[in-house]
Amino acid sequence: MAFKMKSFNQLLSLHPSSNKLDNVIKLVDMPSKKHWGYIDENKTIHVNKNLSPKNMSRTIAHENVHKQQMSLKGKSHEPRLQFNSLFYKWEGGRKEKSITIPTKSIDTKSRKLPWEIEAEKAG
């Protein structure tokens with residue numbers, strides 16, 4: 001009987017496009033079907049492993065916009081989107097104000113947040 005070894009990505013529950021370096025995409029259980037994915041402060045993308053391939057691709061594309069927002073340098077030479085357990089900080093464009101919001105005051109599912117509006121437009 002021949003055994004087939006799992007790939008590195010399969011062993012770690014990583015998406016096939018995850019390259020272990022700067023593009024880590026983890027396939028995980030989510031609290032409900034309504035939760036498709038999120039990105040953490042280390043730029044690791046977490047995707048609901050039960051999504052269809054189409055919705056998985058859409059989710060990864062959306063979270064990649066946030067990854068870019070977390071990497072791009074804004075007016076103050078810092079990433080445009082920063083967050084941790086205490087606050088979210090958004091540095092808007094030329095005509096937008098920079099804002100800092102306590103994490104406890106954020107509804108992370110809201111599509112009215114400036115970084116979500118930008119991600120939705122890109123997707």
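Is Phe83 buried or exposed in this structure? In the predicted model, in which local features need pLDDT of at least 70, side-chain atom pairs count only at pLDDT 80 or more, and totals for chains, interfaces and linings use all residues, Phe83 is buried, with a relative accessible area of 13%. Buried here means under 20% relative accessible area, exposed means over 50%, and partly exposed lies in between, as judged with a 1.4 Å probe and protein chains only. Residues are numbered from 1 along each chain as its sequence is written, and side-chain values use heavy atoms, with hydrogens and water left out.

The secondary structure of the chain consists of three helices and six strands, where helices (H or I, at least four residues) and strands (E, at least two) are DSSP runs numbered from the N terminus. From the N terminus on, the order of the elements is α-β-β-β-α-β-β-β-α. Along the principal axes, the C-alpha atoms fill a box of roughly 65 × 30 × 25 Å. Of the 123 residues, 34% count as buried. The chain exposes about 8800 Å², of which carbon and sulfur atoms supply 56%; accessible areas come from the Shrake-Rupley method with a 1.4 Å probe, and for residues only the protein chains shown count as cover. A contact is defined by heavy atoms within 4.5 Å. Among contacts between residues at least 6 apart in sequence, 23% join residues at least 24 apart.

Three aromatic pairs are present in the structure. Rings of Phe, Tyr and Trp (its six-membered ring) pair if their centres lie within 6.5 Å; planes under 30 degrees apart count as stacked, over 60 as edge-to-face and the rest as tilted. The pair of Phe83 and Tyr88 is stacked, because the ring centres are 5.1 Å apart and the planes stand at 15 degrees. Tyr88 is buried, with a relative accessible area of 13%. The rings of Trp90 and Trp115 have their centres 6.1 Å apart and their planes at 50 degrees, so this pair is tilted. Because Trp90 belongs to strand β5 (residues 87-90) and Trp115 to helix α3, the pair ties together parts that are 25 residues apart in sequence. Both tryptophans, Trp90 and Trp115, are buried. Together, Phe83, Tyr88, Trp90 and Trp115 form one aromatic cluster.

The largest pocket holds about 700 Å³ of space. On a 1 Å grid over the protein atoms alone, a pocket is an open set of points with protein on both sides within 12 Å along at least five of seven lines, where a 1.4 Å probe fits, and lining residues have an atom within 4 Å of a point. Grid points are joined across faces, edges and corners, and a volume is the space filled by probe spheres set on the points. The lining comprises 26 residues, of which Gly37, His62, Glu63, Arg111 and Glu116 lie nearest the centre of the pocket. At least two lining residues each come from β2 (37-39), α2 (53-71), β4 (81-83) and α3 (114-122). Helix α2 supplies the largest share, six residues.

Lys43 is found in the loop between β2 and β3 (45-48) and counts as partly exposed at 29% relative accessibility. Although Lys43 is not a glycine, its phi is positive, at about 70 degrees. Most residues other than glycine have a negative phi. Leu72 lies in the loop between α2 and β4 and, at 44% relative accessibility, is partly exposed.
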